[in-house]
Amino acid sequence: MNNKTQHANPSKSRSPRHRAREFALQGLYQWLLNNEDSGVIDAHIRQAHGFDKADREHFDALLHGAINHSIALREEFVPLIDRGIQELSPIEHAALLIGAYELKNHIEIPYRVVINEAVELTKSFGGIDGHKYVNGVLDKLAVKLRPQEVGAK
């Protein structure tokens with residue numbers, strides 16, 4: 001990714017928090033592929049075009065939280081997937097880490113918003129049907145992590 005990288009759907013209006021999720025997804029993608037230090041990834045992402053319009057605090061929470069708690073987050077969603085973790089695309093894997101992190105640590109964000117955002121990220125950056133897979137896994141994870149909120153719908 002270079003400094004002039006554009007979003008996959010530049011015409012779509014995006015909130016600062018959505019932009020933070022996009023940049024966190026890109027950082028997690030880089031981490032999953034290259035296993036680079038999170039500080040190096042963070043510094044690189046902050047130089048990307050459009051980062052100034054992102055919610056920096058949420059970006060920090062997502063990128064560093066998902067990396068630092070990746071083992072615990074995977075333990076939450078691995079029982080819900082139908083394949084080995086290594087068989088997930090890096091985009092699906094990153095979207096699931098972000099979704100799992102938000103479901104677990106940001107209860108102020110409604111679970112439907114968390115799922116929808118992860119689905120949108122996967123639609124923008126992932127393969128053709130990856131968003132359906134992410135949706136299904138996070139739906140099950142929401143029931144597991146937020147049973148009262150899901151039950152109240």
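The axes of helices H6 and H7 come within 8 Å and cross at roughly 160°; axes are lines fitted to C-alpha atoms, for helices over the stretch in contact, and angles run from 0 to 180 degrees between N-to-C directions. This is a predicted model, in which local features need pLDDT of at least 70 and side-chain atom pairs count only at pLDDT 80 or more, while totals for chains, interfaces and linings use all residues. Residues are numbered from 1 along each chain as its sequence is written, and side-chain values use heavy atoms, with hydrogens and water left out. Helices (H or I, at least four residues) are DSSP runs numbered from the N terminus, as are strands (E, at least two).

**H6 against H7**

- H6 and H7 are therefore roughly antiparallel to each other, since angles over 145 degrees count as roughly antiparallel, under 35 as roughly parallel, 65 to 115 as roughly perpendicular and the rest as oblique.
- The H6 and H7 crossing is right-handed; the term applies if the near helix is turned clockwise from the far one by less than a right angle, and left-handed applies if anticlockwise.
- On the H6 side, Tyr111, Ile115, Ala118, Val119, Thr122 and Lys123 meet Gly130, His131, Val134, Asn135, Leu138, Asp139 and Ala142 of H7, where contact means heavy atoms within 4.5 Å.
- Sorted by class, this contact of H6 with H7 has 7 nonpolar, 4 polar and 2 charged residues (Ala, Val, Leu, Ile, Met, Phe, Trp, Tyr, Cys and Pro count as nonpolar, Asp, Glu, Lys and Arg as charged, and the others, Gly among them, as polar).

**H6 and its residue Thr122**

- Helix H6 covers residues 111-125, and its 15 residues should span 21 Å at 1.5 Å a residue, which agrees with end C-alpha atoms 21 Å apart; the expected span is 1.5 Å times one less than the number of residues.
- Buried residues of H6 are Tyr111, Val114, Ile115, Glu117, Ala118, Val119, Glu120, Leu121 and Thr122 (buried means under 20% relative accessible area, exposed over 50%, partly exposed in between, with a 1.4 Å probe and protein chains only).
- The cover over these buried H6 residues includes helix H1 (16-34), helix H5 (90-105), helix H7 (130-145) and helix H8 (147-151).
- Thr122, in helix H6, is buried at a relative accessible area of 1%.
- Not counting residues up to four places away in sequence, Thr122 touches Ile91, Glu92, Ala95, Gly127, Gly130, His131 and Val134.

**Leu138 in H7**

- Leu138 belongs to helix H7 and is buried, its relative accessible area being 0%.
- Beyond residues up to four places away in sequence, Leu138 touches Leu96, Gly99, Ala100, Leu103, Ile115 and Ala118.
- Between Leu138 and His69 there are 69 residues in sequence and 17 Å in space, C-alpha to C-alpha.

- The 19 residues of H1 should span 27 Å at 1.5 Å a residue, in agreement with end C-alpha atoms 27 Å apart.
- H1 packs with helix H2 (residues 38-46) at an angle of about 140°, with the axes 10 Å apart.
- H1 and H2 are therefore oblique to each other, and their crossing is right-handed.
- Phe23, Gln26, Gly27, Gln30 and Trp31 of H1 make this contact with Ile41, His44 and Ile45 of H2.
- By class, the H1 and H2 contact has 4 nonpolar, 4 polar and no charged residues.
- Asn35 sits in the loop between H1 and H2 and is exposed, with a relative accessible area of 61%.
- Although Asn35 is not a glycine, its phi is positive, about 50°.
- Most residues other than glycine have a negative phi.
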